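Open the model in your viewer and keep the selection tool at hand. The tour below goes stop by stop.

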Amino acid sequence: MLEAVHAFLLGFPALFSIINPISGGFIFRGVTADRPPEAQARLARLVALNSLCVMMGALWAGSYVLAFFGITLTALRVAGGLVVALSGWRLLNAPETHEDRKQQQAATADGIEDIALFPLTIPFTTGPGTIAVAVALGAGHPRLFAGLGWFFLGMTGAALAMTAVIWVTYSYADRLTRMMGPTGTRTITRISAFLLLCIGVQIMITGVGDVLRPLLVAR
């Protein structure tokens with residue numbers, strides 16, 4: 001049980017920072033502002049369910065896909081950490097430009113089915129950064145008889161909790177917009193971007209440590 005709690009506390013903050021559902025809620029509101037409330041509610045539910053499928057697929061099958069292509073966990077941690085850190089750095093320096101570009105791209109699509117999966121789920125809610133983080137989290141699982149079941153239980157709980165946050169945030173995007181305003185949105189976005197930068201650096205440090213450890217032991 002302690003392993004499951006530890007996995008949840010590791011997975012949920014990482015997923016929350018990379019997905020940033022609050023800023024995503026503002027994009028969702030901008031794209032669906034001209035739709036009736038029933039369509040907005042349905043679209044929020046579809047995006048949340050699609051995001052759950054993406055996160056679960058990356059968490060559960062990501063490490064096996066890496067093994068199939070001969071990619072080591074060390075390489076994933078270094079490359080994925082770099083991607084996540086660069087995403088956090090760009091968002092930290094220019095959150096308004098980043099979110100405006102997303103909203104303009106999403107606004108070009110029409111139809112609930114057209115925008116539920118692409119582009120609102122992929123890449124704007126659970127994009128390449130989310131997939132990289134989820135794969136890195138899942139690939140760090142313990143061995144079969146060393147708490148593997150508890151680990152994936154905690155990670156699955158983190159993905160389900162993140163799905164609920166996406167659903168609630170997108171469903172109440174109008175109220176959230178009025179409550180927080182532009183200043184509050186930018187503040188939350190910058191805090192999330194800084195956490196995302198730290199998560200990327202930590203993933204890289206772990207990967208570089210895995211590379212250097214055998215060399216130091218050999219010396």
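Is helix H8 mostly covered or mostly uncovered, and how many of its twelve residues are buried? H8 is mostly covered, with ten of the twelve buried. Buried means under 20% relative accessible area, exposed means over 50%, and partly exposed lies in between (1.4 Å probe, protein chains only).

Before moving on, note what you are viewing. This is a predicted model, where local features need pLDDT of at least 70 and side-chain atom pairs count only at pLDDT 80 or more, while totals for chains, interfaces and linings use all residues. Residues are numbered from 1 along each chain as its sequence is written, and side-chain values use heavy atoms, leaving out hydrogens and water.

**Stop 1: helix H8**

Select residues 128–139. Helices are DSSP runs (H or I, at least four residues), numbered from the N terminus. H8 reaches 16 Å from its first C-alpha to its last, close to the 16 Å expected. That expected span is 1.5 Å times one less than the number of residues. Among the buried residues are Gly129, Thr130, Val133 and Leu137. Now show the neighbours. The buried residues of H8 pack against H1 (2–19), H3 (37–68), H4 (73–93), H7 (120–125) and H9 (148–171).

**Stop 2: Thr169**

Select Thr169, in helix H9. Thr169 is buried, at a relative accessible area of 13%. Contact means heavy atoms within 4.5 Å. Leaving aside residues up to four places away in sequence, Thr169 touches Pro21, Ile22, Gly25 and Leu176.

**Stop 3: a nonpolar patch**

Select Met1, Val5, Leu9, Trp150 and Leu153. Together they form a nonpolar surface patch with about 520 Å² of accessible area. H1 and H9 are the elements that give two or more residues to this patch. Patch residues have over 30% relative accessible area and no salt bridge; nonpolar side chains (Val, Leu, Ile, Met, Phe, Trp, Tyr) are joined within 5 Å, like charges within 9 Å. A salt bridge is a side-chain nitrogen of Lys or Arg within 4 Å of a carboxyl oxygen of Asp or Glu. Areas come from the Shrake-Rupley method with a 1.4 Å probe. Zoom in on Val5, in helix H1. Val5 is partly exposed, at 39% relative accessibility.

**Stop 4: Asn93**

Asn93 is in helix H4. Asn93 is partly exposed, at 47%.

**Last stop: confidence**

Colour by pLDDT, the predictor's confidence in each residue, from 0 to 100. The chain mean is 81, and 89% of residues reach 70 or more. Confidence is lowest in helix H5 (residues 95–106), at a mean of 54, and highest in H9, at 94. Where pLDDT is low, the predicted coordinates should not be read in detail.
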